[in-house]
Amino acid sequence: MIDPLTARPDRPGPIAGRAALAKLAAALLIALPLVLSIDVVSASVALLLEIPLLLLAGLGAREFWTRTAVLWIAAPLGAVTIALYGATSGTIHLEWFVIRISDGSLALAAATAVRVLAIGLPAVVLFVTVDPTDLADGLAQRVRLPARFVVGALAGMRMLGLLTEDWRALALARRARGVADQGRVRRALGMAFALFVLAIRRGSSLATAMEARGFGGTGPRSWARESTWDRRDTLLVIVAAIIPAIAIAVAVLTGAWNFILGPTA
Amino acid sequence: MTSPTTPATLEAHGWGWRYATRLRWAVREVDLRIEPGERVLLLGASGSGKSTLLQGFGGVLGGADEGETHGALRVDGRAPTEARGRVGMVLQDPDTQTILARVGDDVAFGCENLGVPREEIWPRVRQALDAVELDVALDRSTAALSGGQKQRLALAGVLAMRPGAILLDEPTANLDPQGVADVRDAVSAALDATGATLVVIEHRIDIWLPLVTRVIVLGADPAGTVVLADGTPEQVLGARGAELAASGVWVPGHPPVVPPAPAQRPGETLIEARGLTVARRRGLAIAGPFDLDVRAGEVVGVTGPNGAGKSTLGLTLAGLIPAESGSVTALPALASDEKADPFRWSSRALLTRIATVLQTPEHQLLATTVRDELSVGPRALRLSAEEIATRTDELLARLRLASVADANPYTLSGGEKRRLTVAAALATRPRMLVLDEPTFGQDATTWAELVGLIARLRDEGTAVVAISHDEAVLDALHARRVVVGR
């Protein structure tokens, strides 16, 4: 968790303390190559290699399962859908209306389930420990993204908490005004519109407050916090690059590699 | 704070500003000069353009696409946008004044924008936090601060920029009395240390009078924005005190008119709370236990510091959120054929029984015209068209909203919005009314109107629960106090 008093993540382990930028790079390096194929081998190898990474990420067991719960639900759901409706090939085991379970659809189902986990788990686990302020510092100072954009987005993110409170107040106000008994969908749309209006108003007052402190001027900007990067950050990125490299190599060697942009097998 | 600041000079030369979205000029043809180190209280009725002028000096009005300008504003002889860092502003809403997630980063923000070298930023941050006496760790979350602390944080962010002029636009309007005093003292200490020029806008001038050396009153007339009065506080308030009070300024010695004490004793009990603890989120009790009765024809005043759980108690009594433990029971006089726990009533059943007016009007606006807004409740009760028309017309007249009956509620002034939300709650003739900070940030005129209205409702037999840290409101209503402490 992010400590509510210091707004700073406080976790054990060698990965949680790495630069936010290194974690972002690592998550992308793991995910992108794995998107390129749908085969069970590369995803399984990657998932196996990721286990140490997941264990060292600095999440407690309880937090790990709650944060990744959606993946553990999505992976089997996706697999079942593909097993029932996926591209047919090989022996057909069951046929009922549009449902057709075959060797091909079962293989695709397994590949999908493992892939969702292999891409999703490291991404979630790495991002849970990212401090938005550190990430913004890294993106602006190291990647040299425009400060206007990065700092603007960072300040805007703080407003998400306010909007949650707004949503609650909108709901209470509707109950108090006698219009909360039915029409749930229509009411939610009305609330969404009201929230949109409120967000714009808050956004423009935030922008004024930022300008009042000299934001958006033409002069050079300095950075109070130095975005640091050391060898351990480089190491994390290298490890993150090696995982998909090995996974793809094994898949190609075993003949399982199934490039999504290439000719269909 | 040892500081190399030199106080700034502020000048307006026939200056005017029209927002691109408005036809009317917010400020026109204003001429004035504020000398280095002067401490100015800027007054004026709502619509006189005082906030626009302040934002102009702050350089935050924007460019040609935001509006049209005339004449010139000068900070030390330069255009405000070219004098970046010479003026620092603190605005009204503490929530949008905080920019970053951690206290230290937030104070450093202005220095970063000015390009102050890193090794110089952190000593400045510490100095500024000392100056406003905000004694928290640099990595403390800004979300965990109270309203008064947030405003002092914003002030620290401004001080760290070492501005020659500090501009404050109602910096204490949303704070409890302790927060108000803390912010005022912080400003006072900072001015003594730096000698910076000050311009402050505030309805509650008694807060700032000990500090300011000059009072300027702006007014609008057909020719443009005029300076109605300008001089020492004694001169201006002596000559124009009554007039200013009539235009909504809180002038010491000119208190708003308050209604007479209730003529009758409170009537029957409508709601009973026993061993009640309240929570915003399930499982996190923030206040209680309370044992209290709400009776017809009586005002119950709920007081206590910001964040103590006053609003949460109000929402629980109003049947909008469940009790954390203990009970809220509506007696048969109020419940009639409904269940005893108001939280289990339908939204429609609440209408004729308990109405609630929340703190922020924008959360409660549902319709596109003021008239429609008033008929939302009556329509949910499926009243006849004639009955709805009668009730809305009566409320429009009673709360002085007839002239804006066809306007969009979002375009109303702050005081009008407040009156509209109260009127909308009254349209279904509830037996009990829960009001959360009904007079928050209102000028003296709106304040007196709302207090008068609440007193009349009380005398007609409505039970009122008024949540407020404004003791004057509760005194004026002869409210029975319930104190919610930390």
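Q: How far apart do the C-alpha centres of domain 1 and domain 2 of chain A lie?
A: Domain bounds come from an automatic or database domain assignment. In this predicted model, the C-alpha centres of domain 1 of chain A and domain 2 of chain A lie 34 Å apart. Domain 1 of chain A covers 20-133 + 229-253, and domain 2 covers 144-212.

Q: How should I read the numbering and the cut-offs for confidence?
A: Residues are numbered from 1 along each chain as its sequence is written, while chains are lettered from A and ligands numbered from 1 in the order in which they are written. Because this is a predicted model, local features need pLDDT of at least 70 and side-chain atom pairs count only at pLDDT 80 or more, but totals for chains, interfaces and linings use all residues.

Q: What are the confidence values for chain B and for the complex?
A: pLDDT is the predictor's confidence in each residue, from 0 to 100. Chain B has a mean pLDDT of 88, and 98% of its residues reach 70 or more. For the complex, the predictor gives an ipTM of 0.83 and a pTM of 0.81.

Q: How is chain B divided?
A: Its domain 1 is 10-246, and its domain 2 is 269-483. Two residues are in contact if their C-beta atoms, placed from the backbone, lie within 7 Å. Eleven residues of domain 1 of chain B are in contact with nine residues of domain 2 of chain B. On the domain 1 side, helix α6 (residues 177-194) of chain B gives the most, with three residues. Helices (H or I, at least four residues) and strands (E, at least two) are DSSP runs, numbered from the N terminus.

Q: How many residues of chain B are in contact with chain A?
A: 56 residues of chain B are in contact with 44 residues of chain A. α3(B) gives the most to the chain B side, with seven residues. Among the elements giving two or more are α10 and α11 of chain B.

Q: Is helix α11 of chain B mostly covered or uncovered?
A: A residue is buried if 20 or more other C-beta atoms lie within 10 Å of its own, exposed if 12 or fewer, and partly exposed in between; C-beta atoms are placed from the backbone. Helix α11 (residues 370-380) of chain B is mostly covered, with eight of its eleven residues buried. Those buried include B:V370, B:L374 and B:P378.

Q: What do the buried residues of α11(B) pack against, and what follows the helix?
A: They pack against α10 (347-351), α12 (385-398) and α13 (414-426) of chain B. B:R382 follows α11(B), and its phi is positive, near 55°.
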